[in-house]
Amino acid sequence: MGVGRVRLSFALLVAFTLAIAWPARADDVPQADPLDVQPATEGGVVGDASTTSWFVELTAPSTSDGGTAATVAASHDAFKGAANAKGVNYAQRFEYGDLWNGFAVDAFGADVSALRGLDGVKNLWPVTTASLPAPEAGDGETIDLATSLGMIGADTVQHDLGITGKNVNVAIMDTGIDYDNPDLGGCFGPSCRVFTGWDFVGDNFNADSTSLAYSPIPVPDPNPDDCNGHGTHVAGIVGAKGVVTGVAPGVRFGAYRVFGCQGSTTAAIMLAAMERALADRMDVLNMSIGSAFQWPTYPTAIAADRLVTKHGMVVVASIGNNGAMGLYSAGAPGLGANVIGVASFDNTFVNRQSIRVSDIATAIGYTGATGAPPAPTSGSLPLQTFGTPTTVNDGCAAFPVGSLVGKAVLIRRGTCTFYAKAFNAQAAGASAVVLYNNAAGILSASVTGTPPITIPVVAVDQRDGNAIWAKITSAAGASLTWTTEITSVRNGTGNLISSFSSYGPSPDLDLKPDIGAPGGSIYSTLPLEQGGHGSMSGTSMSSPHVAGAVALLLESRPKSLRELGPQRVLGILQNSAKPHVWSGNPTLGLLDNVHRQGAGMLDIRAAIEANAEITPSKLSLGESQAGAATRTLTIRSLPGTGKAVTYTFEHEPALATNGVINGPSEVINPSDPTAGSASVSFSPSTVTVKNNQAASVNVTINAPSGPDHGIYGGYLRISSDESPAKVYRVPYTGFIGDYQSIAVLTGTKVAARQTGWVNSMGAIAPSFNGITGYRFTMGEKPNPGGFGHPTFTDVPNYLLHLDFQSSRATFTAFDAATGAPQGEAMSFDNLPRNSASTSVFAFPWDGFVGPTGARTQLANGEYILKLTLVRALGNPSNLAQVESQTFAKVNIQRP
């Protein structure tokens with residue numbers, strides 16, 4: 001960042017959830033999607049034209065960055081004195097000095113510009129809001145937590161090795177913890193498992209300005225209890241001990257409550273919680289919180305990184321639930337360079353309600369269809385079917401009238417909707433429907449429609465459906481009996497990456513996510529008021545699996561790992577992880593995308609029993625334009641190996657993705673394993689490492705030739721000659737082609753005026769209109785709708801659709817009559833991309849120009865803003881990597 005320039009990290013400062021009140025002239029302001037960045041979704045962070053909360057970053061370094069307590073205190077005093085001397089009005093919310101030096105304040109309009117101009121101020125950043133990741137919709141099943149522990153090896157670490165995470169302190173930054181739950185200790189205080197913590201917000205706090213329950217003033221207290229449930233669920237995965245057993249049941253917890261009972265929190269509160277976790281000397285911090293499409297440069301991301309690099313705390317965060325939104329959708333803080341960003345894998349077994357069918361020996365688990373009444377728990381029905389296990393359109397045509405009266409009918413998936421099948425059965429008099437899958441995997445069905453389905457509809461997997469069909473068509477026939485039984489059913493997508501798990505890489509082309517863990521429908525603790533236990537899904541659930549595993553690793557090597565540092569902890573976990581096959585067609589045996597699963601599934605037992613570590617533990621190769629990439633790997637014997645070991649280096653390619661950014665990314669020719677694969681060579685390909693020594697190997701990776709803008713990757717496999725042999729891996733990924741050739745400004749690019757606030761689908765959103773003939777007062781105006789905001793700010797807004805992340809956007813003001821430059825109006829570093837092709841971001845301008853320390857208010861008159869945008873990782877001096885836009889003139893007429 002250059003001295004003397006105003007830099008605001010975009011960080012979704014102005015990511016509006018837009019509800020547009022459009023003028024008659026459709027060409028005046030193009031319509032925008034009202035669903036961009038909903039606060040209820042992961043990464044849902046919202047700012048608006050009346051943003052009043054700001055981080056004020058000071059030039060003096062924090063104590064983590066080389067400053068002292070005295071210099072930090074002096075910089076704070078100097079800032080307050082300068083602000084007082086210049087008559088700047090602001091309200092201080094938080095004061096920081098350990099991980100980041102500055103303040104969180106509330107200020108508005110001219111006072112914001114005045115803050116930018118004070119001596120000692122390095123930067124202003126908007127305080128964004130962040131929502132909890134929305135739990136992924138389950139299909140009625142619950143998963144025994146013991147199953148997911150087995151998937152990562154934690155069960156045998158506990159039982160065979162006796163390692164439980166004892167003496168490791170894990171911080172949970174979330175909705176709090178219901179410490180009254182016996183599985184989490186049953187109490188709060190120094191002698192309890194939840195031994196410390198703080199409630200930063202209070203029950204009623206909600207920072208989501210679009211919510212009708214908006215309540216942005218925190219009311220902190222010392223009791224970090226949980227009235228939401230998310231944090232208690234996360235804590236249980238880390239270390240419950242009781243009805244369920246977590247990954248590390250010997251840990252102690254710090255509960256840092258940053259959410260109220262519902263809604264959003266702010267980055268200012270998250271940063272305060274990080275500093276408190278540092279003061280409480282926590283060993284591990286879990287943050288199942290995220291903001292999608294971000295860069296790893298925002299104050300909270302920097303603070304999380306400093307916890308790792310400066311203070312030795314291991315920080316783990318969910319990577320996000322935005323897999324459907326395509327590449328580069330991973331969320332911060334999981335994108336932080338030294339933060340462990342965690343992907344989600346589906347579980348191997350699920351527990352489901354069951355039916356019994358005639359002579360089939362075992363209960364058959366089912367999933368109730370949404371839109372149908374719940375299945376009963378008693379009673380029997382004769383079974384009927386009209387199709388076969390190969391019928392492609394079973395149930396798509398009307399059944400004979402009255403043919404199913406008093407019966408349950410078995411119908412195979414395929415061709416038409418589940419509703420159509422259920423409706424046809426209901427019309428023929430059926431009392432129930434049993435749907436079965438036409439492929440491997442658990443079947444979830446919706447039969448919502450008009451007229452409604454009024455009979456129970458349940459779904460079973462392919463294997464069970466085929467078995468039921470065989471019984472129905474036997475000479476004896478078959479009947480169905482409803483039961484109260486719960487049965488464990490193998491999940492056909494178990495051990496595969498979850499469909500919701502976000503894609504990387506980071507927009508700076510760092511390999512993300514780092515690693516994966518189970519995250520689908522995990523059964524864990526809940527507040528006692530919510531029943532004590534329950535099931536949730538999402539990367540929110542995969543992250544605490546890794547946090548708990550870190551605690552096990554720290555207990556197993558208490559001295560050596562603390563000497564190695566938390567960055568090496570990540571390395572050992574990545575080296576020992578197991579990459580899994582492509583979820584699109586597991587039978588092909590092709591490894592799934594590295595930028596989707598990272599190093600692969602966590603294997604904590606392998607990590608604990610590792611005899612070597614390979615550094616770096618991942619390779620981010622950047623653009624293939626630069627040619628072949630040569631990197632040096634160092635393999636180092638870990639303490640206790642005791643003998644010389646020979647290691648052989650090999651290459652395991654993984655599937656690439658094409659260059660489609662928005663929406664699901666397709667693999668390249670999955671039937672051809674070489675398509676989109678790099679060629680790799682090692683020099684030497686084998687090395688022998690003596691006890692407590694190291695050796696180096698050069699690896700050269702040649703990127704594939706296409707497709708343009710694709711992401712490729714694979715694994716460098718290192719196997720030992722020990723008995724039994726140990727296998728380690730290093731994941732790598734890279735970009736095919738010229739990264740700066742990805743265009744950003746592909747859609748809406750207009751100046752607009754806010755006309756007020758509207759109620760859009762139960763949420764408060766700004767409305768916009770055109771600017772032709774309009775005079776901006778640059779002051780507050782009454783909101784005609786009255787939806788939670790009594791006023792809005794009458795300033796120009798610049799609406800942009802950003803099709804991809806970008807490094808910098810600078811708006812420069814010019815006199816509309818003379819063309820004379822007036823100065824920099826506003827500038828933003830590291831912008832995210834929009835989540836949909838029709839959505840936009842809005843940039844409000846306050847009518848000031850100039851660099852830090854010399855911001856001035858422009859006189860009344862007409863001005864034109866010109867935008868210069870630098871593409872992701874672009875060079876501002878290279879015109880091929882820069883885009884520009886000139887906007888319509890605006891007329892400023894302050895009273």
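Reply: Start with accessibility. Buried means under 20% relative accessible area, exposed means over 50%, and partly exposed is in between (1.4 Å probe, protein chains only). This is a predicted model, in which local features need pLDDT of at least 70, side-chain atom pairs count only at pLDDT 80 or more, and totals for chains, interfaces and linings use all residues. Residues are numbered from 1 along each chain as its sequence is written, and side-chain values use heavy atoms, without hydrogens or water.

Me: Is Leu 873 buried, exposed or partly exposed?

Reply: Leu 873 counts as partly exposed because its relative accessible area is 39%. Its backbone deserves a look too. Most residues other than glycine have a negative phi, and most peptide bonds are trans. Leu 873 is not a glycine, yet has a positive phi of about 60 degrees. The residue lies in the loop between strand S47 (861-871) and strand S48 (882-886). Strands (E, at least two residues) and helices (H or I, at least four) are DSSP runs, numbered from the N terminus.

Me: What is the phi of Tyr 328?

Reply: Tyr 328 is another non-glycine residue with a positive phi, near 60 degrees. Its loop runs between strand S13 (314-318) and strand S14 (331-332). Tyr 328 counts as buried because its relative accessibility is 1%.

Me: Which residue is joined to Pro 513 by a cis peptide bond?

Reply: Lys 512, with omega about 0 degrees. Pro 513 sits in the loop between strand S23 (479-490) and strand S24 (515-518). The Thr 615 to Pro 616 bond is also cis, with omega near -10 degrees. Pro 616 belongs to the loop between strand S27 (612-615) and strand S28 (619-623).

Me: How do I read helix packing? At what angle do helix H3 and helix H4 pack?

Reply: Two packed helices are described by the angle between their axes and the distance between the axes. Axes are lines fitted to C-alpha atoms, for helices over the stretch in contact, and angles run from 0 to 180 degrees between N-to-C directions. Here H3 (residues 145-152) and H4 (residues 154-161) pack at about 85 degrees, with axes 5 Å apart. H3 and H4 are therefore roughly perpendicular (65 to 115 degrees). Leu 149, Gly 150 and Ile 152 of H3 make the contact (heavy atoms within 4.5 Å) with Ala 154, Asp 155 and Gln 158 of H4. These contact residues divide into three nonpolar, two polar and one charged. Ala, Val, Leu, Ile, Met, Phe, Trp, Tyr, Cys and Pro count as nonpolar, Asp, Glu, Lys and Arg as charged, and the others, Gly among them, as polar.

Me: How many residues of helix H7 are buried?

Reply: Nine of the eleven residues of H7 (residues 299-309) are buried, so H7 is largely enclosed by the rest of the structure. Among them are Pro 299, Asp 305, Arg 306 and Leu 307. The cover includes strand S2 (53-58), helix H6 (267-279), S13 and helix H12 (566-576).

Me: What covers the buried residues of H8?

Reply: The cover includes strand S20 (408-412), strand S21 (432-436) and strand S22 (457-460). H8 (residues 418-427) has seven of its ten residues buried, including Phe 418, Tyr 419 and Lys 421. Just after H8, Gly 429 takes a positive phi of about 95 degrees.

Me: How many residues has the largest nonpolar core?

Reply: A nonpolar core is a set of buried Ala, Val, Leu, Ile, Met, Phe, Trp, Tyr and Cys residues joined through side-chain atoms within 4.5 Å. The largest has 92 residues, and those with the most contacts inside it are Ile 340, Val 546, Leu 573, Ile 604 and Tyr 647. Helix H10 (residues 539-556) gives the largest share, nine residues. Not counting residues up to four places away in sequence, Val 546 touches partners including Ile 340, Leu 573 and Leu 602. A second, separate core of 43 residues includes Ala 207, Ala 268, Ile 269 and Val 315.

Me: Which backbone nitrogen does the side chain of Ser 637 reach?

Reply: That of Asn 692, at 3.2 Å. Ser 637 is in strand S29 (residues 629-637). Ser 637 counts as buried because its relative accessibility is 7%. Leaving aside neighbours within four places in sequence, its contacts include Asn 611, Val 689 and Gln 693.

Key:
Parallel < 35°, antiparallel > 145°, perpendicular 65-115°, else oblique. Polar contact = N/O pair within 3.5 Å; in protein donor to acceptor, adjacent residues only side chain to side chain.
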